[in-house]
Amino acid sequence: MANDELYTPKWIFDALDMQFDLDVCAPHDGPWHTPTKAHICGCCGDGLTDQWHGVVFMNPPYSKPSDWVNKWIEHGNGICLVQSSKSKWFENLWNSQAVAVPLPTRMKFLTQENKLQPIFMPTMLWAIGEYSINRLNESKIGKVR
């Protein structure tokens with residue numbers, strides 16, 4: 001689905017100033033500016049079934065985030081970027097140990113062509129695990145709750 005092929009802008013990684021061990025939803029042909037030691041993309045694995053390790057970054061497909069979010073909560077170590085939603089998976093995320101910061105209302109994502117594109121829904125950056133929560137708090141992206 002074309003809508004799922006939107007990538008995290010570099011300014012978010014610059015603000016977090018952290019190293020990830022694994023990007024579990026890496027773009028196949030998109031920008032490779034995620035500061036990570038390893039990645040899983042659709043061409044080289046399956047982020048839902050492959051083993052996760054260390055501090056993960058996750059910007060899952062927005063058409064079906066439920067399984068991704070639940071696995072991220074269970075993993076308990078990393079940062080994820082997801083839309084706000086009236087859904088069970090969002091309720092699970094809200095009730096987890098994760099903390100969150102809303103992202104700018106007019107935030108734009110990167111397309112496969114490296115152009116900026118807004119989306120129609122609000123998004124949030126979530127952190128779980130001590131290191132990730134500390135990095136989100138120190139990022140100055142916004143008020144963390």
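The radius of gyration is taken over C-alpha atoms, and the globule rule is 2.2 Å times the number of residues to the power 0.38. With 145 residues, a compact globule would therefore have a radius of gyration near 15 Å; the protein has 14 Å, which agrees. The model is predicted. It holds 4 helices and 8 strands.

**Overall build**

- Along the sequence, the elements follow the pattern α-β-β-β-α-β-α-β-β-β-β-α.
- Taken along the principal axes, the C-alpha atoms fill a box of roughly 35 × 35 × 30 Å.
- Of the 145 residues, 46% are buried.
- Take the contacts between residues at least 6 apart in sequence: 56% of them join residues at least 24 apart.

**The sheet**

- Six strands form an open sheet in the order β2-β1-β3-β4-β8-β5, and the pairing is mixed.
- Strands β2 (36-39) and β5 (99-102) are the edges, each pairing on one side only.
- On average, neighbouring strands of this sheet are turned by 25° against each other, direction ignored.
- Strand β1 (residues 20-23) and strand β3 (residues 56-58) run parallel and are joined by 2 bridges.
- L22 has V56 of β3 as its bridge partner.

**Helices on the sheet**

- Helix α2 (residues 66-75) lies across β3, β4 (78-83) and β8 (123-128).
- The direction of α2 is at about 160° to β3.
- Helix α4 (residues 130-138) also packs on the sheet, where it touches β4, β5 and β8.
- The direction of α4 makes about 135° with that of β8.

**The two sides of α2**

- W68, V69, K71 and W72 are the buried residues to look at in α2.
- These residues cover an arc of only 165° around the axis, so they sit on the same side of α2.
- An α-helix has 3.6 residues a turn, so residues three or four places apart point the same way.
- On the other side of α2, D67 and E74 are exposed.
- The cover over the buried residues of α2 includes β3, β4, α3 (88-94) and β8.
- Just after α2 comes G76, with a positive phi of about 75°.

**N59, a loop residue**

- N59 sits in the loop between β3 and α2.
- Is N59 buried or exposed? Its relative accessibility is 11%, and buried means under 20%, so N59 counts as buried.
- The N59 side chain makes a polar contact of 2.8 Å with the side chain of T8.
- Beyond its neighbours within four places in sequence, N59 is in contact with L6, Y7, T8, C25, L81 and F109.

- D17 is a residue other than glycine with a positive phi, near 50°.
- D17 lies in the loop between α1 (10-16) and β1.
- The relative accessible area of D17 is 57%, and exposed means over 50%, so D17 is exposed.
- N114 is also a residue other than glycine with a positive phi, near 65°.
- N114 is found in the loop between β6 (108-110) and β7 (116-118).
- N114 has a relative accessible area of 53%, so by the cut-off of over 50% N114 is exposed.

How values were computed:
Residues numbered from 1 in each chain as written. Predicted model: local features only at pLDDT ≥ 70, side-chain atom pairs only at ≥ 80, totals over all residues. Heavy atoms only, no water. Pairing = 2+ DSSP bridges. Axes fitted to C-alpha atoms, helices over the stretch in contact; angles between N-to-C directions. Contact = heavy atoms within 4.5 Å. Buried < 20%, exposed > 50% of the residue type's maximum accessible area, 1.4 Å probe, protein only. Arc of directions from axis to C-beta. Polar contact = N/O pair within 3.5 Å; in protein donor to acceptor, adjacent residues only side chain to side chain.
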